[in-house]
Amino acid sequence: MTIYVGNLSYDVTQEDLTAVFSEYGTVKKAYLPTDRETGKLRGFAFVDLSTEEEEQQAIETLDGANWMGRDMKVNKARPRERR
DNA sequence: GTTGAGCGTT
């Protein structure tokens with residue numbers, strides 16, 4: 001399972017994500033997509049923890065939490081199919 | 001500032 005993190009500050013880095021989610025489990029992957037044309041961050045991210053329990057815990061705890069000045073959205077990610 | 005890519009037409 002992958003976690004979707006939306007409404008992020010554009011100052012957030014992969015290191016920041018990893019640091020925060022590491023409090024709830026082992027971060028296997030932290031990905032910050034950038035706009036394909038402008039190269040700028042898109043304001044959301046994807047994080048993979050090692051177990052679903054950890055991810056569920058991270059979602060429950062971090063969803064709606066104020067981080068870097070923004071109330072981030074955290075929930076289970078959708079498959080990467082849309083465009 | 002809200003769901004990742006690139007290739008290239010299921």
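Predicted model: local features only at pLDDT ≥ 70, side-chain atom pairs only at ≥ 80, totals over all residues.
Q: OK, what's the strand order in the open sheet?
A: The open sheet has four strands in the order S2-S3-S1-S6, with antiparallel pairing; strands here are DSSP runs of E with at least two residues, helices are runs of H or I with at least four, both numbered from the N terminus, and two strands pair if DSSP finds at least two bridges between them.

Q: And which strands stand at the edges?
A: Strand S2 (27–31) and strand S6 (73–76) do, and each has a single partner strand, so one side of each is left without a neighbour in the sheet. On average, neighbouring strands of this sheet are turned by 20 degrees against each other, direction ignored.

Q: How many bridges join S2 to S3?
A: Four bridges join these antiparallel strands, and Val27 has Leu49 in S3 as its bridge partner. Strand S1 (residues 3–6) is joined to strand S3 (residues 45–49) by three bridges, again antiparallel, with Val5 opposite Ala45 and Tyr4 opposite Phe46.

Q: Is S3 mostly covered or mostly open?
A: S3 is mostly covered, as four of its five residues are buried, where buried means under 20% relative accessible area, exposed over 50% and partly exposed in between, using a 1.4 Å probe and protein chains only.

Q: Switching topic, how many aromatic pairs are there in the whole structure?
A: A search finds three, counting rings of Phe, Tyr and Trp (its six-membered ring) whose centres lie within 6.5 Å, with planes under 30 degrees apart called stacked, over 60 edge-to-face and the rest tilted. One of them is the tilted pair of Tyr4 and Phe44, at 5.8 Å centre to centre and 40 degrees between the planes. Tyr4 lies in strand S1 and Phe44 in the loop between S2 and S3, so the pair ties together parts that are 40 residues apart in sequence.

Q: Why is the pair of Phe44 and Phe46 edge-to-face?
A: Because the ring centres of Phe44 and Phe46 are 5.8 Å apart and their planes stand at 90 degrees. Ring pairs link Tyr4, Phe44 and Phe46 into a cluster, in which Phe44 is buried at 15% relative accessible area, whereas Tyr4 at 26% and Phe46 at 25% are partly exposed.

Q: Last one, which residues of H2 are buried?
A: In helix H2 (residues 52–62) they are Glu55, Ala58, Ile59 and Leu62. Seen down the helix axis, the buried residues of H2 fall within an arc of 100 degrees, so they line one face of the helix; the arc is that of the directions from the helix axis to the C-beta atoms.

Q: What do they pack against?
A: The buried residues of H2 pack against S1, H1, S3 and S6, with contact meaning heavy atoms within 4.5 Å, while Glu53 and Glu60 on the other side of H2 are exposed.

Note on methods:
Residues numbered from 1 in each chain as written. Chains lettered and ligands numbered in written order. Heavy atoms only, no water. Axes fitted to C-alpha atoms, helices over the stretch in contact; angles between N-to-C directions.
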